[in-house]
Amino acid sequence: MAGLGLGMEIHIKEIPVSYAKSQEVLDDIWQTMTPKVVIHFGIAPGAKGITLEQTGKNLCYKDRDVSGLCPDHHCCIEGGPERLDSIIDMRSLSKHLKSMGLDVIYSRDAGRYLCDFVYYYSLYRGRGKAALIHVPASGSLASPERLVPQLQTIIQAVLRQLDHPVHATSGYK
């Protein structure tokens, strides 16, 4: 992918809208690729901007996936923490990106469906080294001409923050 930096290896994986299958894909990513960070993209109908999600939630997954299933006990990781935050400071990142004129929104609620489920699982497996970016499903920002350059800038900012963390404590062991 042009413009993200030299020596950067990027892998793109489509994650099925299935609780069980998404965990299989994420297990494969975290076990075989040892990524510096995993950046997830999800579609957010009705969103007015690109949403940078800080937190993944473990509980209350009651909506069925494409297979008609819900996760066991309606949770992502049985016995896992109620919520997990990314080591990436999405609040400061969103402030910085807004000051550059990008259409970004900071959020701590990824929606309690597959995106949130995938994000929590990835945060858990990757010890916080994950990000979730929700993009609008429609509207002028959803056009590739506007969306792609903004996502490129956001990804670069995430990678810079990983190299120069804003805060030293993340809560992960």
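Which polar side chain lies 2.6 Å from the backbone oxygen of Ala 130? The answer is Ser 86, through a polar atom of its side chain.

## Before we start

This is a predicted model, in which local features need pLDDT of at least 70, side-chain atom pairs count only at pLDDT 80 or more, and totals for chains, interfaces and linings use all residues. Residues are numbered from 1 along each chain as its sequence is written, and side-chain values use heavy atoms, with hydrogens and water left out.

Helices (H or I, at least four residues) and strands (E, at least two) are DSSP runs, numbered from the N terminus. Ser 86 is buried, at 4% relative accessibility. Here buried means under 20% relative accessible area, exposed over 50%, and partly exposed in between, with a 1.4 Å probe and protein chains only.

Not counting residues up to four places away in sequence, Ser 86 touches Gln 54, Tyr 119, Leu 123, Gly 128 and Ala 130. A contact here is a pair of heavy atoms within 4.5 Å.

Helix α1 covers residues 19-32, and its 14 residues should span 20 Å at 1.5 Å a residue; the end C-alpha atoms are 20 Å apart, which agrees. The expected span is 1.5 Å times one less than the number of residues.

Tyr 19, Ser 22, Gln 23, Val 25, Leu 26, Ile 29 and Trp 30 are the buried residues of α1. They cover an arc of only 165° around the axis, so they lie on the same side of α1; the arc is that of the directions from the helix axis to the C-beta atoms. An α-helix has 3.6 residues a turn, so residues three or four places apart point the same way. The buried residues pack against β1 (38-44) and α3 (114-125), while the face turned away from them carries the exposed residues Glu 24, Gln 31 and Thr 32.

Trp 30, a member of α1, counts as buried at 11% relative accessibility. Leaving aside neighbours within four places in sequence, Trp 30 is in contact with Pro 35, Val 38, Ser 122, Arg 125, Gly 126 and Lys 129.

His 40 belongs to strand β1 and is buried, with a relative accessible area of 6%. The side chain of His 40 makes a polar contact with that of Ser 122, at 2.9 Å. Among the other residues that His 40 touches are Ile 15, Leu 26 and Val 118.

The largest pocket has a volume of about 1200 Å³. Its lining has 38 residues, and His 11, Ile 12, Ile 39, His 40 and Phe 41 lie nearest its centre. β1, α3, β6 (130-136) and α4 (144-163) each supply at least two residues of this lining.

## Positive phi angles

Most residues other than glycine have a negative phi. Cys 60 has a positive phi of about 75° although it is not a glycine; this residue is in the loop between β3 (55-57) and β4 and is partly exposed, at 43% relative accessible area.

Arg 127, also not a glycine, has a positive phi of about 50°. Arg 127 lies in the loop between α3 and β6 and counts as partly exposed at 45% relative accessibility.

Terms used: Polar contact = N/O pair within 3.5 Å; in protein donor to acceptor, adjacent residues only side chain to side chain. 1 Å grid on protein atoms, 1.4 Å probe; cavity = no way out; pocket = protein on both sides within 12 Å on 5 of 7 lines; lining within 4 Å. Points joined across faces, edges and corners; volume = space filled by probe spheres on them.
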